[in-house]
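Student: Could we go through this one together? I'd like to know what to look at.

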Amino acid sequence: MTAPRRMIVGVSGATGVVYAIRLLEVLRELGIESHLVISKPGEMTLAYETDLTSRDLRAMADVNYAIGDVGAAISSGSFRTMGMVVAPCSMRTVGEIAACTSSNLLTRAADVCLKERRRLVLMVRETPLHTGHLKAMLAATEAGAIMFPPVPAFYARPQSLSDMVDHSIARVLDLFDIDAGLIDRWSGTSSASSCPERVTSLGGSKA
Ligand SMILES: Cc1cc2nc3c(=O)[nH]c(=O)nc-3n(C[C@H](O)[C@H](O)[C@H](O)COP(=O)(O)O)c2cc1C
């Protein structure tokens, strides 16, 4: 049984809503159906960080849900998806996912992805991190989530913020075996070309 080309995008109240915007654009370009849920603090950061309204962001997705609608399609494992990306993911949301408490539709949808053994990628964003943050990230990882802090890769020689954002979104989509064609892929340094284990491809180990 193949999963439908349908992905859930959660937007929580960490800084970096630009990652959700770019992800929604790319999913549309790729013909992948996007299902969007935004927390109230996510709407706040959208207003602080961009000129977009919540309605503008919602218009970028194929399907939208209210954060309190815990009976929505994405709250059930019988609604099949490729998985979910939380972009960006606040520490409150990662803590709730780790504790399985699911107080809203975003964390419920994430919990459903974990129980159905579907991909759940959390673009966690906070710095510095205290023990509680780290323990929550460990617990979520042990439950099957992937922690993906959106940190830039400088070896890619980014020329702009947009390059940095694209690099992170491309690597997030790699985790779903989707090549968005957004980045030049690492094929080894000249000095390392004789060391095949350092040559990477899609799904390889290069950070
Ligand atoms: C402008 C702004 C930036 C924030 N950035 C972060 C952040 O980077 N990481 C984080 O964990 N919380 C951040 N917060 C705090 C969260 O929004 C807050 O903890 C909220 O309760 C998270 O709720 P949510 O997970 O339901 O979206 C920020 C808040 C604001 C207003």
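Predicted model: local features only at pLDDT ≥ 70, side-chain atom pairs only at ≥ 80, totals over all residues.

Student: OK, how do β1 and β2 pair, and over how many bridges?
Tutor: Strand β1, which covers residues 6–11, pairs with β2 in the parallel sense, and six bridges join them.

Student: What about β2 itself, how many of its residues are buried?
Tutor: Five of the six residues in β2, which runs over residues 33–38, are buried, so the strand is mostly covered.

Student: Switching to the helix: which residues of α1 are buried?
Tutor: The buried ones are V18, Y19, A20, I21, R22, L23, L24, V26 and L27. Just after the helix, G31 takes a positive phi of about 75°.

Student: Then which residues touch the most others in the largest nonpolar core?
Tutor: That core has 54 residues, and V9, L23, V85, A109, L122 and M123 touch the most other members. Its largest share, eight residues, comes from helix α1, residues 18–30. In soluble globular proteins, nonpolar side chains tend to be buried together.

Student: What is A109 in contact with, leaving aside its neighbours within four places in sequence?
Tutor: With those set aside, A109 is in contact with I8, G10, V37, I74, S75 and M84.

Note on methods. Residues numbered from 1 in each chain as written. Core = buried A, V, L, I, M, F, W, Y, C linked by C-beta atoms within 7 Å. Buried ≥ 20, exposed ≤ 12 C-beta atoms within 10 Å, placed from the backbone. Helix = DSSP H or I, 4+ residues; strand = E, 2+ residues; numbered from the N terminus. Contact = placed C-beta atoms within 7 Å. Pairing = 2+ DSSP bridges.
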